[in-house]
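I opened this model to log its fold, its covalent links and a few residues. My entries follow.

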Amino acid sequence: QVQLVESGGGSVQTGGSLRLSCAASGAAYRRAYMAWFRQAPGKEREGVAAIDTTSGRTAYVDSVKGRFTISQDNAKNTVYLQMNSLTPEDTAMYYCAVRTSGVIYYTPPLDRSKYNYWGQGTQVTVSS
């Protein structure tokens with residue numbers, strides 16, 4: 001069992017920045033992928049960024065490339081999402097997720113079905 005706790009959400013104005021954190025605890029695992037998803041009201045949950053915690057390889061959805069950066073601190077079992085140049089379209093509940101076993105992917109997946117543990121989410125609101 002893996003527990004994920006997100007933090008760092010809040011309200012900012014357009015153009016502002018936030019850094020989300022996701023602390024993982026519980027069962028150890030050999031290889032994992034960790035990702036950030038977001039879900040706005042009335043919309044599907046979409047993958048935003050993912051990282052292979054072994055290789056450090058990352059993946060991003062097109063809409064955040066160049067603005068968001070996913071990173072990790074293995075010593076703290078924590079993954080971060082640095083979000084810059086935020087716009088109202090980034091407003092959503094942001095969820096951290098982890099995939100702990102199975103197929104090894106060259107590109108970390110952004111498909112929610114590939115992840116088996118989820119955090120409770122942290123709200124990000126961007127005002128114009």
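I call a residue buried under 20% relative accessible area, exposed over 50%, and partly exposed in between, with a 1.4 Å probe and protein chains only. By that rule, 43% of the 128 residues of the protein are buried.

**Ground rules.** I am working on a predicted model, where local features need pLDDT of at least 70, side-chain atom pairs count only at pLDDT 80 or more, and totals for chains, interfaces and linings use all residues. Numbering runs from 1 along each chain as its sequence is written, and side-chain values use heavy atoms, with hydrogens and water left out.

**Fold.** I looked up the secondary structure next. I took helices (H or I, at least four residues) and strands (E, at least two) as DSSP runs, numbered from the N terminus. The protein has 11 strands and zero helices. The radius of gyration is 14 Å, close to the 14 Å of the globule rule for 128 residues, so the protein is as compact as a globular protein of that length. I took that radius over C-alpha atoms; the rule is 2.2 Å times the number of residues to the power 0.38. Along the principal axes, the C-alpha atoms fill a box of roughly 45 × 25 × 25 Å.

**Contacts and surface.** I count a contact when heavy atoms lie within 4.5 Å. Of the contacts in the protein with a separation of 6 or more, 60% join residues 24 or more positions apart. I got accessible areas from the Shrake-Rupley method with a 1.4 Å probe; for residues, only the protein chains shown count as cover. The total is about 6500 Å², and carbon and sulfur atoms hold 47% of that surface.

**Charges.** I counted Lys and Arg as positive, Asp and Glu as negative, and left out His and the chain ends. I placed each charge at NZ of Lys, CZ of Arg, CG of Asp or CD of Glu. The protein has 13 positive and 9 negative side chains, with the centres of the two sets 6 Å apart.

**Disulfide.** I searched the whole structure for cysteine sulfur pairs within 2.5 Å. I found one disulfide. Cys22 is joined to Cys96, with S to S at 2.0 Å. The angle about the S-S bond is -80°, and the link is left-handed. Cys22 sits in strand E3 (residues 18-26) and Cys96 in strand E9 (residues 92-99), so the pair links distant parts of the chain, 74 residues apart. Cys22 is buried at 0% relative accessibility. Cys96 is buried too, at 1%.

**Tyr95.** I checked this residue of strand E9 as well. Tyr95 is buried, with a relative accessible area of 14%. Its contacts beyond four places in sequence include Glu6, Trp36, Arg45 and Trp118. Ala35 is another contact of Tyr95.

**Gly102.** I found this glycine in the loop between E9 and strand E10 (117-118). Gly102 is exposed, at 57% relative accessible area. From Gly102 to Gly42, 60 residues apart along the chain, the C-alpha separation is 31 Å.

**Positive phi.** Which loop holds Asn77? I placed Asn77 between strand E7 (68-73) and strand E8 (78-83). Its phi is positive, about 50°, although Asn77 is not a glycine. Asn77 is partly exposed at 43%. Ser85, in the loop between E8 and E9, also has a positive phi, near 50°. Ser85 is partly exposed at 41% relative accessibility.
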